[in-house]
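Subject: Structure handover

Hello,

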Amino acid sequence: MTPNSDRQPRLLATSDLHVGHRGNRPMLEGLTSDNEQDWLIVAGDVAEKLDDIEWALGLLAQRFAQVIWVPGNHELWTSRSDPEPARGVARYTQLIELCRRLGVATPEDEYLLWPGPDGPVLVAALFLLYDYTFRAPGTHTKEESLAYARETGVVCSDEFLLDSDPFPTRDDWCRARVAETQRRLEACDPEVPMVLVSHWPLSREPTRVLRYPEFAQWCGTELTADWHTRFNVTASVYGHLHIPRTTYEDGVRFEEVSLGYPREWQARSRNPVVPRVIL
Ligand SMILES: [Fe+2]
Ligand SMILES: [Fe+2]
């Protein structure tokens with residue numbers, strides 16, 4: 001790392017580092033910057049175990065001026081191998097406390113202002129979850145959509161590992177998060193452009209290329225379908241799909257920034273480009 005780089009600091013992003021997989025740990029160790037003023041967004045799915053998450057975020061926090069993390073579904077799994085396995089909101093609180101110790105920003109902090117050369121940009125870290133409204137083909141209710149998935153055998157592990165306690169269901173938790181987040185975003189200055197960061201895509205469009213369309217029900221909520229136009233959004237950063245690419249919706253840039261599992265990124269390239277430049 002050359003800390004005295006002359007170039008402009010950058011806002012970078014990555015996600016789905018999945019460092020619980022041995023093959024991904026060297027990728028994390030190699031994730032550095034040549035300018036210590038760069039910021040790094042980590043859009044969820046770092047790992048499942050608290051000590052893996054702490055190792056990864058701790059390393060990144062030493063290398064970047066600011067790390068901004070949002071939870072993915074994998075961090076929220078109740079990990080039996082953690083010293084104090086916690087469920088649902090209590091698990092989320094454990095993760096927030098871990099990030100605070102490391103100086104990593106989370107959805108529970110004030111949104112940070114990126115001091116870009118073209119003016120400041122608000123980086124809004126969002127925790128939104130999903131509510132089964134990206135339904136499986138030909139289905140009209142959550143129950144039908146889940147039944148379709150059970151029939152095809154494409155069922156997300158969240159069904160067994162991601163507890164919503166004290167919310168009755170994950171969709172209840174999602175609706176509460178969306179309502180609270182919308183209130184916060186509406187209170188922001190509409191003149192200041194934003195980068196919205198969420199593990200799950202804000203709209204259904206990115207899920208249209210999933211190999212198994214029934215998996216989309218674990219990928220977001222229709223409640224945020226218009227957020228990229230309702231708010232002053234420069235870019236929407238997400239992961240979760242393990243399909244890294246840049247797309248545009250209504251002229252707004254959507255960046256899927258995932259690394260993914262070793263077998264996935266090795267099939268794409270020996271040296272996947274990590275992280276992505278957002279600004
Ligand atoms: Fe992932
Ligand atoms: Fe995920």
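**Strands and iron site**

L11 stands opposite W39 in β2. The strands concerned, β1 (residues 11–14) and β2, pair in the parallel sense over four bridges (pairing needs at least two DSSP bridges; strands are DSSP E runs of at least two residues, helices H or I runs of at least four, numbered from the N terminus).

This is a predicted model, with local features needing pLDDT of at least 70, side-chain atom pairs pLDDT 80 or more, and totals for chains, interfaces and linings using all residues. Residues are numbered from 1 along each chain as written, chains are lettered from A and ligands numbered from 1 in written order, and side-chain values use heavy atoms, without hydrogens and water.

β2 also pairs in the parallel sense with β3 (residues 66–69), again over four bridges, and V42 stands opposite W69 there. In β2 (residues 39–42), W39 and I41 on one side and L40 and V42 on the other are all buried (under 20% relative accessible area, 1.4 Å probe, protein chains only).

The iron ion (ligand 2) is coordinated at 2.2 Å by D45 (OD), N73 (OD1), H199 (NE2) and H240 (ND1); donors are N, O and S atoms within 2.8 Å of the metal (3.2 Å for Na, K and Ca), and water is not among the atoms, so the site may look incomplete. D45 coordinates the iron ion (ligand 1) as well, and the two ions are 3.5 Å apart. D45, in the loop between β2 and α2, and H199, in the loop between β6 (194–197) and α8 (227–230), are 154 residues apart. Both D45 and H199 are buried.

Regards

Methods: Buried means under 20% relative accessible area, exposed over 50%, partly exposed in between (1.4 Å probe, protein chains only).
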